[in-house]
Amino acid sequence: MRNYLTVRRLATQPKLANAPKRKWRSVVGLEVHAQISSASKLFSGSGTAFGAPLNTGVAYFDASIPGTLPVLNRKCVESGIKTALALGCRVNEVSMFDRKHYFYADLPNGYQITQQRAALANNGLMTFPVITPGKKVYYKSVNLLQLQLEQDSGKSLHDEQLKRSLVDLNRAGLPLMELVFAPDLETGEEAASLVKELMLILRRLQTCSCKMEEGALRVDANISIHREGDPLGVRTEVKNIGSVRSISQAITYEINRQLELVADGGVITNETRNWDAESRRTVAMRDKEVLQDYRFMPEPNLPPLHLNIKPGSRSTKDLISVAALSEEIPELPEHTRQRLMDQYKLNAETAIILVNEPVLLDHFVNITKSLAGVSTKVISNFLINDLLTYCNKHNLDVENCAISANALTDVLQSLNAEHINLQAARQLIQLLHNNPTQNVDQLVMQHNLQQICDLAIIEEYCQQAIANQPKAVQQYQKGKTKALFAIVGEVAKMSSQKANMKAVVDCLEKLLKK
């Protein structure tokens, strides 16, 4: 479990010897764009498949052909409502769409349809666990100011050799939820934990795939520092954060950069910075000294969106019921954590880790059903301390690990029956990942992983270990009980880590009392 909580320190962190950290507070606010899981776009019927050939998922409306009109996607509205309810928001009975004007090559209309003035939902609250290295797990709450629906822009492709840019409109019009969080966070770890919890919720709801590598979830961070008791400082916005780990790294770096700048007498400017994942630093993109006028105006081609917010109401063809959608919300992550602690008697930290890794949670539930006689603590410890540690060590996501729940069940069954020991079980994790179709018993036989339980053989090893460790024997007999570990280690070494350690300890204690 300790390995899971270990976070790499950044080699590129600024030097902060002179920075008056104690006199300053950091403030972090997040804006998250989540692509809604839908077969068609927000205002057109064209497809949303990732990786489709360039400009093949484009309707006339997406390309801004004159005379085309937007048609609101009902599924996207329902997904937005479910997300808002899961995040404790007030869903508004009436919301409206606006045009946000700005010029960019991959925005054919010259404006984006969004919900600036009257959003779909407001005033949410998220409470989530924060895992910080070297500290106890704690819970943090953050206010969700607004959840709004909007369309995505296209994508510009720049050819450096031919010195030209081309536009792919497959992404233009994809349905997005923009979630604007209040600046209630203080550290990179808190921000990363917030996004992790949000991803868990969205995946439970099936409203977003949250595949950051595909751009389905994008995070922008607004960061500032100020002296305690003073108003909030000048903020910088950090973009291009491509993973949950990068969120923590980027925000931590930017906070430290600002602290160092102030310590050296510099002034923080309102600017947009880009996160460079390779050099692990933020790089200035553009300043925001001139406030851009987006010339917001009501979208004339879309009427106000009306919802039925009456309790007990049902959805009709023309009117979506919020109460009916609330009945479709599944068990949320925090409820699952509480259930794990109540039903399986797990501690809070173990429950948090299992829920944070959905594949591990599925394994845990399946294995506990199959092995009713094995302690839930043994199962959870094996999954976290051994399987998860193996995946982290090999930079492997748990969902990409080839080992099935059935194979893990067989390993734990053999471990519980003392056919193998923990060392052999750890070896089986690597063997099963490389040979997922092989049977556990076959791998145990092929690699000679059976635990040595024959008492005569164990006694032989113990006598030899006693002969090899006279100093440890002498210390043990003088009352230093910890010296026994050196002799046990000698047995483990001679038996290639296959001896039954419980039997070894019993045997050594008997032999040394003679």
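## Close-up views of a predicted model

**Figure 1. Three strands make an open sheet with the order 5-4-15 and antiparallel pairing.** The edges belong to strand 5 (111-114) and strand 15 (297-298). Each has a single partner strand, so one side of each is left without a neighbour in the sheet. Strand 4 (residues 98-101) and strand 15 run antiparallel and are joined by 2 bridges. Look for Arg99: its bridge partner in strand 15 is Met297. The model shown here and in every other view is predicted.

**Figure 2. A second open sheet has 3 strands in the order 3-16-17, and its pairing is mixed.** Which strands stand at the edges? They are strand 3 (94-95) and strand 17 (320-321). Each of these two has a single partner strand, so one side of each lacks a neighbour in the sheet. Strand 3 pairs with strand 16 (residues 305-308) in the antiparallel sense, over 2 bridges. Within this pair, Val94 has His306 in strand 16 as its bridge partner.

**Figure 3. Lys41 and Asp62 form a salt bridge.** The closest N and O atoms of the pair are 3.3 Å apart. Lys41 lies in the loop between strand 1 (24-35) and helix 1 (74-86), and Asp62 lies in the loop between strand 1 and helix 1 too, so the pair ties together parts that are 21 residues apart in sequence. Are the two residues buried or exposed? Both Lys41 and Asp62 are buried. Side chains of opposite charge can pair when their charged atoms come close. In this model the count comes to 21 salt bridges.

**Figure 4. A salt bridge joins Lys140 to Glu190.** Here the closest N and O atoms are 3.8 Å apart. The pair links distant parts of the chain. Lys140 sits in strand 7 (residues 138-151), Glu190 sits in helix 2 (residues 188-205), and the two are 50 residues apart. Why does Lys140 count as buried? Its relative accessibility is 14%, and the cut-off for buried is under 20%. Glu190 has a relative accessibility of 5%, so this residue counts as buried as well.

**Figure 5. The side chains of Lys239 and Glu237 meet in a salt bridge.** The N to O distance is 3.5 Å. Lys239 counts as partly exposed because its relative accessibility is 22%. Glu237 has a relative accessible area of 7%, so Glu237 is buried. Elsewhere, salt bridges that share partners build one network from Arg25, Lys140, Glu186 and Glu190.

**Figure 6. Helix 2 packs against helix 5 (residues 333-344) at an angle of about 95 degrees.** Their axes are 9 Å apart. The angle makes helix 2 roughly perpendicular to helix 5. Which residues meet where these helices pack? Helix 2 brings Glu197, Leu200, Ile201 and Arg204. Helix 5 brings Pro333, Glu334, Thr336 and Arg337.

**Figure 7. Helix 12 (residues 455-468) and helix 14 (residues 484-494) pack at an angle of about 120 degrees.** The axes of helix 12 and helix 14 lie 9 Å apart. Angles of 65 to 115 degrees count as roughly perpendicular, but helix 12 and helix 14 are oblique to each other. Their crossing is right-handed. From helix 12, the residues that meet helix 14 are Tyr461, Cys462, Gln464, Ala465, Ile466 and Asn468. Their counterparts in helix 14 are Ile487, Glu490, Val491 and Met494.

**Figure 8. Tyr461 has its place in helix 12.** Its relative accessibility is 21%, so Tyr461 counts as partly exposed. What does Tyr461 contact, leaving aside its neighbours within four places in sequence? The contacts are Ile452, Val491, Met494 and Ser495. Tyr461 and Ile201 are 260 residues apart in sequence. In space, they are 54 Å apart, C-alpha to C-alpha.

**Figure 9. The whole chain has 15 helices and 17 strands.** Its C-alpha atoms fill a box of roughly 95 × 60 × 55 Å, taken along the principal axes. Of its 514 residues, 47% count as buried. Consider contacts between residues at least 6 apart in sequence: 68% of them join residues at least 24 apart.

Definitions and conventions
Residues are numbered from 1 along each chain as its sequence is written. This is a predicted model: local features need pLDDT of at least 70, side-chain atom pairs count only at pLDDT 80 or more; totals for chains, interfaces and linings use all residues. Side-chain values use heavy atoms; hydrogens and water are left out. A salt bridge is a side-chain nitrogen of Lys or Arg within 4 Å of a carboxyl oxygen of Asp or Glu. Helices (H or I, at least four residues) and strands (E, at least two) are DSSP runs, numbered from the N terminus. Buried means under 20% relative accessible area, exposed over 50%, partly exposed in between (1.4 Å probe, protein chains only). Two strands pair if DSSP finds at least two bridges between them. Axes are lines fitted to C-alpha atoms, for helices over the stretch in contact, and angles run from 0 to 180 degrees between N-to-C directions. Angles under 35 degrees count as roughly parallel, over 145 as roughly antiparallel, 65 to 115 as roughly perpendicular and the rest as oblique. A crossing is left-handed if the near helix is turned anticlockwise from the far one by less than a right angle, and right-handed if clockwise. Contact means heavy atoms within 4.5 Å.
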